[in-house]
Amino acid sequence: MAMILTDPFDALVHFQQALDQLRESDWLEAGPSGHGSFPPLNVFRKGDDVVIITEVPGINKSDLRIEAKGNTIRIAGTKSAGHQGKASVHRVERRGGNFDRAISLPIEINPDGIKAECRDGILALFIPRAEHDKPRAITIS
Amino acid sequence: MANQSLEVQQKKEVVAKGEKTVPARYYVPSTDIYETDDALLVVMEVPGVNRNNVEVNLENDDLKVVARIDFSSYDGMEPLYTEYNIGHFARTFSLSQMIDRNNIGAVLNDGVLTLTLEKVQQAQPRKIEIR
């Protein structure tokens, strides 16, 4: 599905609809190690490569551990929430704890080329597709 | 707390009192509220929001927070598999009279917005000495 973004007011709506359509599609498999559903992931294709984006508000870079082996990616870490020191609590909606999630991508990836960025509570993993896995155009002779 | 394993919290969509005129969906940020001796702390999760895109408005007794995500970073990306949706965040809090309206601080760090609402002098607890 190609996205042609003409009207900036419509762009976000269309993107939200596109995200809803692929809710829990069976593209991604659960990995052999790791457990749990946190952090929630969105997976995108950008050109030949794959981008995994996840929301990790309140988690510092240093509290995240990312590993890659074969086509499996593991995201683990600790999220702390709550107030340090003396305070009475009026409302608690944020949750803290440990997480460890592994996912297997249905494509061959180049684990050495993965780049991770963490900014404003969003972790993005840029995962290059393995060179030998890229589709090749076939010339008709 | 730290040893319990984390589960995903589903995002809650804003049910607007005044209907929005733009069609995009807004979400309610997960919020903690703490009270210390001299301030009220409102801690909100707004992943994907840059510090320039946070609006905090105080009108009458309503503290209105709108935090907008920068979704231009999604340009050229085609979703393959999704577990959550993205959108701007909005939430309104009613303040009591004990808040000093001229003294509201905001800090954004790793997608967490912390508002510090100082209490007015009279509302702060005082220790009474017995002579």
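1. In this predicted model, the largest nonpolar core has 21 residues, of which Leu40(B), Val42(B), Met44(B), Val46(B), Ala67(B), Leu113(B) and Leu117(B) touch the most other members. A nonpolar core is a set of buried Ala, Val, Leu, Ile, Met, Phe, Trp, Tyr and Cys residues joined through C-beta atoms within 7 Å; buried denotes 20 or more other C-beta atoms within 10 Å of the residue's own, with C-beta atoms placed from the backbone.

2. Strands β3 (31–35), β4 (39–45), β6 (62–69) and β10 (112–119) of chain B each supply at least two residues of this core, and β4(B) gives the most, with five residues. Strands (E, at least two residues) and helices (H or I, at least four) are DSSP runs, numbered from the N terminus.

3. Apart from this core lies another, of 18 residues, including Val56(A), Ile59(A), Leu125(A) and Tyr81(B).

4. Between the chains, 54 residues of chain A are in contact with 45 residues of chain B, contact being C-beta atoms, placed from the backbone, within 7 Å. The largest share of chain A's side, eight residues, comes from α1(A).

5. Strand β2(A) runs antiparallel to β7 (residues 78–82) of chain B, joined by four bridges; strands pair if DSSP finds at least two bridges between them. Val43(A) has Tyr81(B) as its bridge partner in β7(B).

6. On conventions, residues are numbered from 1 along each chain as its sequence is written, and chains are lettered from A in the order in which they are written. Local features need pLDDT of at least 70 and side-chain atom pairs count only at pLDDT 80 or more, whereas totals for chains, interfaces and linings use all residues.

Conventions:
Two residues are in contact if their C-beta atoms, placed from the backbone, lie within 7 Å. A residue is buried if 20 or more other C-beta atoms lie within 10 Å of its own, exposed if 12 or fewer, and partly exposed in between; C-beta atoms are placed from the backbone.
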